[in-house]
Amino acid sequence: QWGYGEEDGPSSWYKDYPIAEGARQSPINIAPEEAVYDHGLPPISLHYDNCTSTNISNNGHSVVVEFDDVDNQNLLGGPLENAYRLKQFHFHWGGKGCHGSEHTVAGKTYTSELHLVHWNAAKYSSFAEAAVAPDGLAVLGVFLEIGDERGGLNKITDSLYMVKFKGTVTDFRDFNPNCLLPSSLKYWTYPGSLTTPPLYESVTWIVLTEPICVSEKQMGKFRTLLFNSEEEEQRTRMENNFRPPQPLKGRTVRASFK
Ligand SMILES: O=C(Nc1cc(S(=O)(=O)[N+](=O)[O-])cc([N+](=O)[O-])c1O)Nc1c(F)c(F)c(F)c(F)c1F
Ligand SMILES: [Zn+2]
């Protein structure tokens, strides 16, 4: 099984997941001055209105909020042929201090990165089918940096004690992720992959340029989560669950702004 430790971390994933050395792996370092402004890129449209979150869980890699992806709601539009449907969101974060994001911007790391995972329900009949298709998934990435408290995050951080251990899940209804989005929806977009095994190269990445602020206290609550299940005797704090930037291999990053 894979993880983020010395033995099972990102540098050894290629052994079980050879695509780890593929041509469109994520995350990447985004070099803003090399991004190509594309005036054809539509603005992102988020219709997370009648949100149908169902539960929050600890899957041993992150804390995940799942959504009912049964009908066309919670849609993401933008640099995509069709509207993609929200399936779940989760976070990646560091230990104390400022690293923890997966994407970097001109080498700058953020304290955390929120990933909203969507799938192309217009073209595919299930998430699993979409997840292996080159245009199957779209992940919206939002950077988190330390500053003032983010009110909208408290519903999540106040629930984390319920999912301390790997394999725990609890009800989590009517959470609308709109409250975790920055004011600007300016973005970079590029073809990439899942950043955790199975590392499928099926993701159109949409990374927002503007971070949101969260407090050190709120981030501290993420670090009370554990990678291990209640049965395991080894207690390992869930932190530094991020993959470092991968080679660009000739890909172009497009910008929705000048
Ligand atoms: O659903 C998935 N969600 C997911 C993605 C990422 S991600 O970091 O790779 N990402 O895309 O943001 C991180 C976490 N996480 O909890 O940390 C996730 O839970 N992954 C996933 C999967 F688990 C499979 F077994 C599979 F077959 C498949 F197609 C998948 F796409
Ligand atoms: Zn992720």
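Lys 96 is exposed, with a relative accessible area of 63%. By exposed I mean over 50% relative accessible area, by buried under 20%, and by partly exposed anything in between, with a 1.4 Å probe and protein chains only. This is a predicted model, where local features need pLDDT of at least 70 and side-chain atom pairs count only at pLDDT 80 or more, while totals for chains, interfaces and linings use all residues. Residues are numbered from 1 along each chain as its sequence is written, chains are lettered from A and ligands numbered from 1 in the order in which they are written, and side-chain values use heavy atoms, with hydrogens and water left out.

Back to Lys 96. Its side chain meets that of Glu 216 in a salt bridge, 3.9 Å from N to O. Lys 96 sits in the loop between β7 and β8 (104–105) and Glu 216 in helix α4 (residues 216–222), so the pair ties together parts that are 120 residues apart in sequence. A salt bridge here is a side-chain nitrogen of Lys or Arg within 4 Å of a carboxyl oxygen of Asp or Glu. Helices (H or I, at least four residues) and strands (E, at least two) are DSSP runs, numbered from the N terminus.

Glu 216 is partly exposed, at 28% relative accessibility. Glu 216 also forms a salt bridge with Arg 223, at 3.1 Å from N to O. Arg 223 is buried, with a relative accessible area of 6%.

How many salt bridges does the structure hold? There are 6. Another of them joins Asp 135 and Lys 123, with the closest N and O atoms 2.6 Å apart. Asp 135 lies in the loop between α2 and β10 and Lys 123 in the loop between β9 and α2, so this pair ties together parts that are 12 residues apart in sequence. Asp 135 is partly exposed, at 22% relative accessibility.

Next, the metal. Which residues coordinate the zinc ion, ligand 2? They are His 90 through NE2, His 92 through NE2 and His 115 through ND1, at 2.0 Å. Along the chain these donors follow the spacing H-x1-H-x22-H. Donors are N, O and S atoms within 2.8 Å of the metal (3.2 Å for Na, K and Ca), and water is not among the atoms, so sites may look incomplete. His 90 and His 92 are both buried.

His 90 comes up again in the pockets. The largest pocket holds about 450 Å³ of space. It is lined by 25 residues, and the closest to its centre are Gln 88, His 90, Leu 194, Thr 196 and Pro 197. A pocket is found on a 1 Å grid over the protein atoms alone, as an open set of points with protein on both sides within 12 Å along at least five of seven lines, where a 1.4 Å probe fits; lining residues have an atom within 4 Å of a point. Grid points are joined across faces, edges and corners, and the volume is the space filled by probe spheres set on the points.

β7 gives the most to the lining of the largest pocket, with 4 residues. By class, that lining divides into 13 nonpolar, 10 polar and 2 charged residues. For the classes, Ala, Val, Leu, Ile, Met, Phe, Trp, Tyr, Cys and Pro count as nonpolar, Asp, Glu, Lys and Arg as charged, and the others, Gly among them, as polar.

The second largest pocket holds about 270 Å³. Of its 14 lining residues, the closest to the centre are Trp 2, Gly 3, Asp 8, Gly 60 and Phe 227. Its lining has 3 nonpolar, 8 polar and 3 charged residues.

Pro 197, from the largest pocket, is joined to Pro 198 by a cis peptide bond with omega about 15°. Pro 198 is in the loop between β12 (187–192) and β13 (203–208). The peptide bond from Ser 26 to Pro 27 is also cis, with omega near 0°. Ala 106 is not a glycine but has a positive phi of about 50°, and is exposed at 57% relative accessible area. Asp 174 has a positive phi of about 55°, and is exposed at 59%.

Last, the whole protein. It has 4 helices and 15 strands, and 55% of its 258 residues count as buried.
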